[in-house]
Amino acid sequence: ANWVPSSCSRTPLSMPPHAQDETLAPLVKPGDEWIPNVKLDAFKKDIQELGKELAAGQGPADVAHLNKIKRWSNTATFLGLFSMWLSPLYLFPAALLSLGTFSRWTMVGHHVCHGGYDNCASPRFNRFRFAVGNIWRRLVDWFDWMLPEAWNVEHNNLHHYHLGEDGDPDLVERNLKYLRESDAPLILKYAVVSVMIVTWKWSYYAVNTFKELKIKDRKNAGLPLPTLPGVKVSDSLTVWTLLSGTHPFVPVGEFFTKVVGPYLVWRFGIVPLTFLFVGNAFGVGSAFYWNAVLNLILADLLTNTHAFVAIVTNHAGDDLYRFDTHTKPRSGTFYLRQVISSANFSAGTDVVDFMHGWLNYQIEHHLWPDLSMLSYQRAMPRVKLICAKHGVPYIQHNVFRRVKKTVDIMVGATSMRQFPAMYDKPLD
């Protein structure tokens with residue numbers, strides 16, 4: 001394990017007198033001994049002071065860094081597009097297309113939509129303009145399976161401000177309850193997870209984010225939510241449950257025409273057409289065209305996998321916490337939860353961070369969602385020191401170790417840690 005100084009690891013710390021009381025000690029499970037020691041007000045103060053300093057320090061260097069990441073992303077995309085007439089057996093056209101799609105979402109779309117560049121970049125990269133409002137903005141800014149307006153609701157609001165709670169729409173342990181509790185052989189569970197990994201952006205994320213947008217729209221309009229027996233608002237929605245008619249919140253036709261349909265038509269219909277004409281011009285018929293289509297399909301499988309590895313693994317594992325209550329944003333408890341329900345990966349250089357989609361700074365990102373990518377690089381060593389000072393666990397592992405921990409949660413082999421209720425202070 002790549003832990004920060006030993007005072008941050010989950011080894012027993014010296015216990016304060018009240019925690020050593022024999023009537024309380026049995027209520028603290030092994031691995032939770034650090035919890036009674038944390039002074040939330042002091043922890044909050046240090047986190048907020050660092051956040052203000054980082055925000056004040058953003059400027060031209062952050063914009064230049066964003067532009068560099070955009071160039072890297074665009075280069076991968078264009079090289080992939082210009083080479084996708086080659087046989088898929090070459091692999092690199094699909095890999096480049098995959099990387100371009102992955103990086104446009106996880107680094108450009110993600111941080112811009114959070115407002116990380118609102119105060120230092122051009123108006124185009126303002127959270128209220130980028131990729132939203134019409135199909136043209138979606139096409140030129142960030143075109144993917146998910147509708148950006150829906151993702152902004154589901155991710156920026158619900159996930160970030162309900163992390164690890166039942167209100168978190170991305171809570172893996174809750175969303176995969178059916179699989180965890182299934183009596184199916186373990187090998188079959190792993191097969192189900194494998195299918196999810198290569199399809200999850202369109203089979204789960206696109207439809208579930210749209211569900212949250214439709215729920216928000218109905219609430220804002222003062223309309224009651226439709227109901228079906230046995231269906232809860234918090235139930236995750238997939239394409240399969242949508243098509244089965246067992247979930248009432250999303251109109252099937254609107255989902256396909258507004259969310260996934262435009263991307264499907266553009267990506268797999270219009271984009272490869274050029275190579276149909278090129279192939280005919282070079283006397284090879286439709287060979288170039290079908291190579292392009294197959295490369296785009298392979299790229300989609302690859303980018304789903306890459307995104308799963310870098311995204312889904314951020315908040316799942318038997319060393320991360322779940323919570324029974326909701327907490328006030330920017331409270332001491334809120335900041336604590338962002339740390340102990342998140343995991344970071346290897347980090348520190350632009351190349352390493354680019355391949356992780358800048359999701360290897362998940363703890364820092366959850367503490368301050370509206371900062372730039374460069375700010376998270378600056379923040380990481382200082383956040384580690386703050387955690388060490390206050391005895392708060394800071395988890396940073398190789399990403400593939402986190403994949404193993406996440407899949408174990410998905411199939412029911414392990415479970416998340418439950419934060420002890422006696423130390424939970426949601427109203428602090």
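Me: Which element gives the largest share of the lining of the largest pocket?

Reply: This is a predicted model, and what follows should be read with that in mind. The elements that give two or more residues to the lining of the largest pocket are H4, helix H6 (148-161), helix H7 (172-175), helix H8 (177-180), H9, helix H10 (239-244) and helix H13 (287-311). Among these, the largest share is eight residues, and it comes from H9.

Me: How many residues line the largest pocket, and which class of residue, nonpolar, polar or charged, has which count?

Reply: The lining of the largest pocket is made of 39 residues, and those nearest its centre are Asn175, Leu176, Tyr204, Ser236 and Thr238. When the lining residues are divided by class, the counts are 19 nonpolar, 14 polar and six charged.

Me: What is the volume of the largest pocket, and what is that of the largest cavity?

Reply: A pocket is an open set of points, whereas a cavity is a set of points from which the probe cannot get out, so the two are listed apart. The structure holds one cavity of 30 Å³ or more. For the largest pocket the volume is about 950 Å³, and for the largest cavity the space is about 30 Å³.

Me: Which helix gives the most to the lining of the largest cavity?

Reply: The residues that line the largest cavity are Thr101, Tyr263, Arg267, Phe268, Leu296, Ala299, Asp300 and Thr303, and by class they are four nonpolar, two polar and two charged. At least two residues of this lining come from each of helix H11 (252-270) and H13. With four residues, the helix that gives the most is H13.

Me: Among the aromatic pairs, is the pair of Trp72 and Phe354 stacked or edge-to-face?

Reply: A pair of aromatic rings is described by the distance of the centres and the angle of the planes. For Trp72 and Phe354 the centres are 5.4 Å apart and the planes stand at 75°, and because planes over 60 degrees apart count as edge-to-face, this pair is edge-to-face.

Me: How many residues apart in sequence are the parts that this pair of Trp72 and Phe354 ties together?

Reply: Trp72 is partly exposed, with a relative accessible area of 31%, while Phe354 is buried at 5%. Trp72 lies in helix H3 (residues 60-83) and Phe354 in helix H15, so the pair ties together parts whose separation in sequence is 282 residues.

Me: What kind of pair do Trp105 and Trp200 form?

Reply: Both partners are buried, Trp105 with a relative accessible area of 3% and Trp200 with one of 6%. Trp105 lies in helix H4 and Trp200 in helix H9 (residues 186-220), so the pair ties together parts that are 95 residues apart in sequence. The ring centres of Trp105 and Trp200 are 6.1 Å apart and the planes are at 40°, so the pair is tilted.

Me: Where is Ala131 found, and what is its phi?

Reply: Most residues other than glycine have a negative phi. Ala131 is in the loop between helix H4 (92-113) and helix H5 (135-141), and it is buried, with a relative accessible area of 1%. Although Ala131 is not a glycine, its phi is positive, at about 70°.

Me: Is Trp358 buried or exposed?

Reply: Trp358 is found in the loop between helix H15 (350-355) and helix H16 (362-367), and it has a positive phi near 60° in a residue other than glycine. Its relative accessible area is 1%, and because buried means under 20%, Trp358 is buried.

Me: How does the radius of gyration of the protein relate to the globule rule, and what is its value?

Reply: The protein has 18 helices and two strands. For 428 residues the globule rule gives 22 Å, which is close to the value for this protein, so the protein is as compact as a globular protein of that length, with a radius of gyration of 23 Å.

Me: What percentage of the residues of the protein count as buried?

Reply: Of the contacts with a separation of 6 or more, 71% are between residues 24 or more positions apart. Among the 428 residues of the protein, the share that count as buried is 55%.

Note on methods:
Residues are numbered from 1 along each chain as its sequence is written. This is a predicted model: local features need pLDDT of at least 70, side-chain atom pairs count only at pLDDT 80 or more; totals for chains, interfaces and linings use all residues. Side-chain values use heavy atoms; hydrogens and water are left out. Buried means under 20% relative accessible area, exposed over 50%, partly exposed in between (1.4 Å probe, protein chains only). Rings of Phe, Tyr and Trp (its six-membered ring) pair if their centres lie within 6.5 Å; planes under 30 degrees apart count as stacked, over 60 as edge-to-face and the rest as tilted. On a 1 Å grid over the protein atoms alone, a cavity is a set of points where a 1.4 Å probe fits but cannot get out, and a pocket is an open set with protein on both sides within 12 Å along at least five of seven lines; lining residues have an atom within 4 Å of a point. Grid points are joined across faces, edges and corners, and a volume is the space filled by probe spheres set on the points. Ala, Val, Leu, Ile, Met, Phe, Trp, Tyr, Cys and Pro count as nonpolar, Asp, Glu, Lys and Arg as charged, and the others, Gly among them, as polar. The radius of gyration is taken over C-alpha atoms; the globule rule is 2.2 Å times the number of residues to the power 0.38. Contact means heavy atoms within 4.5 Å.
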